[in-house]
Amino acid sequence: MATFTVSHQLVSLDFDLDRQAVKGLTELSVEPHTQNLATLRLHCERPVVRSVHINGVACEFSRQSPGTRRALVRKLLRAGDEAADEGELEIAVPRSVRIEPVADGAAGPTGFKSLKVRIEFYMARPAVGLVFGCSDTDPGLVTVHTETQMFPSMTRTWLPCVDRADQRSTWDLFFTIPACAGAADDPGSLLPLTVVAAGELSSLLVHPRDPRRRIFRYIVSTATPACTLGFAIGPFASACSLDGRLLANGEDAASAADVPTAAGDEGNAAGQRGGDGEAPVAGAPERPVGEAVAAAAAAAAAGASGAPSPDADRDGRDDDSGSQQVPLSAATATSAGDGDGDGAARANRNSKLRKDTVDAIGGVFAFTYPGLLGELETTCSFIPEALAFYSQEFGSYPFTSYKVVFMDGLSEPIITCASLTLVSTDLLHPRTVIEPVYETRRCLGLAIAQQWFGTYVTAETWSDYWLVVGLAGYI
């Protein structure tokens, strides 16, 4: 029986792309199930833990050496319960930290006051979980992505957390990255970087102490297991939104005075907390931005560094790289039938269906490398209809947005995360080539179905995961 649950987790990751290193900070809202809670066990396979605090009090901790992934699978399938998957990080709750019952009449999920567990950690050249890479065709297009998988979960390889299929929580994700990738002495080679992650983009901030860096904040408001988290970082200059809004809107990124930043940054520590052990807060005003303007905001913010903007203007004219921002719906409507009355009527019905679906979801967006916008629009043209069908047959879409990122370096053709799908660029195809259409739509259709069965509806134990895989494949 679980002695505690995690109701919410804040995660802040600071990336050094040149050294392939990550400085991290996470804060868990722990709900004790008993007043005699003496230890906490979290999953933490690869991160090196620097410090742990509970309610501001330093804690003793120990970390077991993780076994191989194959041994973990055998153990989970053999035991079939949570006792076989306790976690590698053991934290001793200090005697000075009192677990108190909630006041009379106060709402509490377990009857006890929450504990704030703050962990600082780092990783250098991670072997699994996080992949630092580049485009297959251009080494200058640097990328980072998660190897998200449900069984066994990979999230524990880059984040201390409770990484069990039956444990859900909401998430607050911060990503600090360089504004641009490329050689600083060659402004023409600079490309703005974008983060696309699980959840909904809440804000894009200029780093308060380093204007050459940006902070993306994503919020996962639907409680999901840790195994469904994922993100991609890269120069995703080609992007389109379902409802035809262009990404280039000329808005600059917001600035902030205080945001949670990764451990070890002395310049940020003073603004991050007022005293030792206090929880990270985002106290500065933030200006929310939607998924559809993420790339434009990154490009505008990168302008100060001399990077050329890859975005087109509102009239859809070509940018310097030759790509063109065209509404996704326009590409679909054009292919529905030229001059044919039935085709036009069908296109109108499909357009209304797409619009209703997007309005209910909050937005559907696709991203990829510069120069591939035409292929991106053609490949993704059916996604609104697929979302509309699944929403009608199996209930409302469970998240607030849906993103698709086409990139190189993936170990699988598709990687499914909460509200996000990472897809190999091998599945991109132009309008003039029809041979790959069936396979591409089959793969993307399965990825969309997994938003219902696999990320929202999950197995109670790892050994039951075959059931949700089968349901996603069936629908």
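Student: What does the accessible surface of the protein come to, and what percentage belongs to carbon and sulfur atoms?

Tutor: Accessible areas come from the Shrake-Rupley method with a 1.4 Å probe, and for residues only the protein chains shown count as cover. Here the total is about 19,900 Å², with 50% belonging to carbon and sulfur atoms. This is a predicted model, where local features need pLDDT of at least 70 and side-chain atom pairs count only at pLDDT 80 or more, while totals for chains, interfaces and linings use all residues. Residues are numbered from 1 along each chain as its sequence is written, and side-chain values use heavy atoms, with hydrogens and water left out.

Student: Which percentage of the 475 residues do buried residues make up?

Tutor: Buried means under 20% relative accessible area, exposed means over 50%, and partly exposed lies in between (1.4 Å probe, protein chains only). By that rule, 54% of the 475 residues are buried.

Student: How many helices and strands does the secondary structure come to?

Tutor: Both are DSSP runs numbered from the N terminus: helices are H or I over at least four residues, and strands are E over at least two. The protein has nine helices and 23 strands. As for contacts (heavy atoms within 4.5 Å), 76% of those between residues at least 6 apart in sequence join residues at least 24 apart.

Student: Let's take a sheet. In what order do the four strands of the open sheet come?

Tutor: Strands of a sheet pair through backbone hydrogen bonds, either parallel or antiparallel. Two strands count as paired if DSSP finds at least two bridges between them. In this open sheet the order is β9-β10-β17-β14, with antiparallel pairing. β9 (130-134) and β14 are the edge strands, each pairing on one side only. Neighbouring strands are turned by 15° against each other on average, direction ignored; the axes are lines fitted to C-alpha atoms, for helices over the stretch in contact, and angles run from 0 to 180 degrees between N-to-C directions.

Student: Which bridges hold β17 in place in that order, and which residues stand opposite each other?

Tutor: Take the two sides in turn. Strand β10 (residues 142-146) is joined to β17 by two bridges, and Val-144 stands opposite Ile-233. Strand β14 (residues 194-197) pairs with β17 over four bridges, where Ala-197 stands opposite Phe-231.

Student: Are the faces of strand β17 covered or open?

Tutor: Both faces of β17 (residues 231-234) are covered: Phe-231 and Ile-233 are buried on one side, and Ala-232 and Gly-234 are buried on the other.

Student: Which residues of the largest nonpolar core touch the most other members?

Tutor: A nonpolar core is a set of buried Ala, Val, Leu, Ile, Met, Phe, Trp, Tyr and Cys residues joined through side-chain atoms within 4.5 Å. The largest such core has 100 residues, and Phe-15, Ile-91, Ile-119, Phe-175 and Phe-231 touch the most other members. A second, separate core of five residues includes Leu-10, Leu-25, Leu-205 and Ile-215. Leaving aside neighbours within four places in sequence, the contacts of Phe-231 include Phe-15, Val-144, Trp-158, Phe-175, Ala-197 and Leu-422.

Student: How many residues are in the hairpin that joins β15 to β16?

Tutor: The hairpin runs through six residues. Strand β15 (residues 200-206) pairs with strand β16 (residues 213-225) in the antiparallel sense over six bridges, and Val-206 has Arg-214 as its bridge partner. Six of the seven residues of β15 are buried.

Student: Now a helix. What should the 13 residues of helix α8 span?

Tutor: The expected span is 1.5 Å times one less than the number of residues. For α8 (residues 437-449) that is 18 Å, and its end C-alpha atoms are 18 Å apart, so the two agree. Helix α7 (residues 383-394), with twelve residues, should span 16 Å and its ends are 16 Å apart, which agrees too. α7 is followed by Gly-395, whose phi is positive, near 100°.

Student: Which residues of α8 are buried, and what do they pack against?

Tutor: An α-helix has 3.6 residues a turn, so residues three or four places apart point the same way. The buried residues of α8 are Thr-440, Cys-443, Leu-444, Gly-445, Ala-447, Ile-448 and Ala-449. They pack against several elements, including α7, β22 and α9 (465-474).

Student: Why does Ile-414 count as buried?

Tutor: Ile-414 counts as buried because its relative accessibility is 17%. Ile-414 is in strand β22 (residues 414-417), and among the residues Ile-414 touches are Cys-443 and Ala-447.
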